[in-house]
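The structure comes before the text.

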Amino acid sequence: MDIQALLLITADAKETQELVTLVPWTFIIQIINLFIQVFLIKKFLFKPINDILEKRRNLADKTIREAREAQDKADSLKEQYESSLTNAHAEAASIVSEAQKEAQVKADTIVQEAEQQAAGIKARAAADIEQEKKKAINEAKDEIGGLAMDIAGKVVEKEINEADHKKLIEDFINKVGA
């Protein structure tokens, strides 16, 4: 090999070595640059993104809270509805029962009134029958008494005065009536 080639290889090695070597000021500036970038990214990128995420989280929490409140309110209304429905059924059953009792009382009253009227009608009919019977008996007594007088007058062939006539009739009626 020749010297020139050797020098060329040495120069290349030196340039390569300069590329790999660490320059302290460059390294410090690069570190400062990195911290500045991290600070700027944190301030202008992470903070707004975290704020947006926090707002979304709060909105989601609020929506979930409202949904739970709405669910609780719906459950409460459902319980009230079921309670009202149960009360309505109980009240309807009570009303029906009360109406049946009132109807039974009215029916019993009507039956009692009808029985009283029937008893009154029977009593009047019995009284009418008794009166008609007495009337018929009195008429029969009068007729029988008159016939008896006629027969007695013909048998005796004498005339009887009024007092004797009444006495004979009463005696005859008492015998026939007894």
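## Fold

Helices (H or I, at least four residues) and strands (E, at least two) are DSSP runs, numbered from the N terminus. On that basis, the chain reads α-α-α along the sequence. The model is a predicted one. Three helices and zero strands are present in the chain. Helix α2 covers residues 24–156.

## Burial and surface

Of the 178 residues in the chain, 2% are buried, where buried means under 20% relative accessible area. The accessible surface of the chain is about 16300 Å². Carbon and sulfur atoms account for 60% of that surface.

## Salt bridge

How many salt bridges does the count come to? The count is one salt bridge. In it, the side chains of R57 and E54 meet at 2.5 Å, N to O, and the cut-off for such a contact is 4 Å.

Why are R57 and E54 separated by about one helical turn? The reason is that R57 and E54 are three residues apart in helix α2. Both partners have intermediate accessibility values: R57 is partly exposed at a relative accessible area of 46%, and E54 is partly exposed at 36%. Partly exposed covers the range between buried, under 20%, and exposed, over 50%.

Notes: Residues numbered from 1 in each chain as written. Predicted model: local features only at pLDDT ≥ 70, side-chain atom pairs only at ≥ 80, totals over all residues. Heavy atoms only, no water. Buried < 20%, exposed > 50% of the residue type's maximum accessible area, 1.4 Å probe, protein only. Areas by Shrake-Rupley, 256 points an atom, 1.4 Å probe, with all protein chains shown as cover.
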